[in-house]
Amino acid sequence: MSNSNVEKCPNEKIPEYAFIGRSNVGKSSLINMLTDRKSLAKTSGRPGKTQLINHFKINENWFLVDLPGYGYARVSKKDKKTFQKYITNYFEQRTQLVCSFVLVDIRHEPQKIDMEFMEWMGENGIPFCIIFTKADKLKPAVIENKVDTYVKTMVQGVWEEAPRYFITSSSKKMGRDALLQFIDEINTDFFKEKK
Ligand code: GTP
Ligand code: MG
């Protein structure tokens with residue numbers, strides 16, 4: 001299901017996981033990698049591809065949610081505002097949202113827009129993990145260094161401890177098992193508590 005109004009999103013009370021981050025960071029590609037489908041979520045080399053809140057139901061009992069990216073310079077100021085509003089509405093109102101993934105490109109230094117977004121999530125008590133994307137673009141020896149620096153910057157800033165993180169590459173299927181296992185553990189707890 002796709003729409004731009006959080007009130008019209010599916011109302012089933014099953015766990016959902018949202019993917020958010022800058023445009024072009026690889027949110028939709030990661031959903032395809034996790035689900036082992038080539039084009040379940042629409043991807044593009046040009047930023048701004050995903051424009052709606054997209055719910056993908058998995059195994060009939062949980063959702064992966066693909067969201068539009070933030071920080072896409074080519075949308076008009078007015079569009080940006082409405083867009084940000086429905087995204088923040090989504091995060092504030094979805095009680096079935098058990099964990100969100102904030103995607104950042106592993107090649108980049110910490111960016112202000114991502115830091116601000118994560119701070120906003122922290123202030124609003126919205127649980128999240130970081131997903132480093134496009135790890136195939138770096139030499140394996142550099143990966144750990146990059147991630148260490150990123151996490152250190154967070155801890156030296158406003159964060160008492162670094163969030164949990166995953167290192168991924170959608171083209172190389174890297175990080176898939178770890179992420180699916182993490183989701184599975186949360187789902188298992190969720191359904192245990194419900195019984
Ligand atoms: P928006 O919907 O515009 O916000 O973008 P998105 O975050 O959903 O990004 P999308 O998945 O559409 O991918 C953007 C571009 O990055 C595409 O050209 C993808 O092929 C490429 N890409 C995504 N993941 C990876 C990856 O792990 N490795 C490499 N090398 N390229 C990737
Ligand atoms: Mg997308």
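## Ground rules

In this predicted model, local features need pLDDT of at least 70 and side-chain atom pairs count only at pLDDT 80 or more, while totals for chains, interfaces and linings use all residues. Residues are numbered from 1 along each chain as its sequence is written, chains are lettered from A and ligands numbered from 1 in the order in which they are written, and side-chain values use heavy atoms, with hydrogens and water left out.

## The magnesium site

Let's start with the metal. Ser28 (through OG) and Thr50 (through OG1) coordinate the magnesium ion, ligand 2, at 2.0 to 2.1 Å. Donors here are N, O and S atoms within 2.8 Å of the metal (3.2 Å for Na, K and Ca), and water is not among the atoms, so sites may look incomplete.

Serine 28 belongs to helix H1 (residues 27–35), whereas threonine 50 sits in the loop between H1 and strand E3 (53–58), so the pair ties together parts 22 residues apart in sequence. Helices (H or I, at least four residues) and strands (E, at least two) are DSSP runs, numbered from the N terminus. Are these two residues buried or exposed? Serine 28 is buried, at 7% relative accessibility, and threonine 50 is buried too, at 14%. Buried means under 20% relative accessible area, exposed over 50%, and partly exposed in between (1.4 Å probe, protein chains only).

## Salt bridges

How many salt bridges does the whole structure hold? The search finds 7, each being a side-chain nitrogen of Lys or Arg within 4 Å of a carboxyl oxygen of Asp or Glu. One of them joins arginine 94 to glutamate 16, with 2.8 Å between the closest N and O atoms. Arginine 94 lies in the loop between helix H2 (77–93) and strand E5 (97–105), and glutamate 16 in strand E2 (residues 16–21), so this pair links parts 78 residues apart in sequence. Both arginine 94 and glutamate 16 are buried.

Glutamate 116 pairs with lysine 112, their closest N and O atoms being 3.4 Å apart. The two are 4 residues apart in helix H3 (residues 112–123), a separation of about one helical turn. Glutamate 116 is partly exposed at 43%, and lysine 112 is exposed at 63%.

Glutamate 60 forms a salt bridge with lysine 57, with closest N and O atoms 4.0 Å apart, and a network of salt bridges links Glu12, Lys57 and Glu60. Lysine 57 is partly exposed, with a relative accessible area of 39%.

The backbone here deserves a look as well. Most residues other than glycine have a negative phi. Asparagine 59, however, has a positive phi near 50 degrees, and glutamate 60 has a positive phi near 65 degrees. Asparagine 59 is found in the loop between E3 and strand E4 (62–66), and glutamate 60 is placed in the loop between E3 and E4. Asparagine 59 is exposed at 64% relative accessibility, and glutamate 60 is exposed at 63%.

## A negative patch

Asp184, Glu185, Asp189 and Glu193 form a negative surface patch. Patches are made of residues with over 30% relative accessible area and no salt bridge; like charges are joined within 9 Å, and nonpolar side chains (Val, Leu, Ile, Met, Phe, Trp, Tyr) within 5 Å. Aspartate 184 lies in helix H5 (residues 176–194) and is partly exposed, at 46% relative accessible area.

How values were computed. Accessible areas come from the Shrake-Rupley method with a 1.4 Å probe; for residues, only the protein chains shown count as cover. Lys and Arg count as positive and Asp and Glu as negative; His and the chain ends are not counted. The place of a charge is taken as NZ of Lys, CZ of Arg, CG of Asp or CD of Glu.
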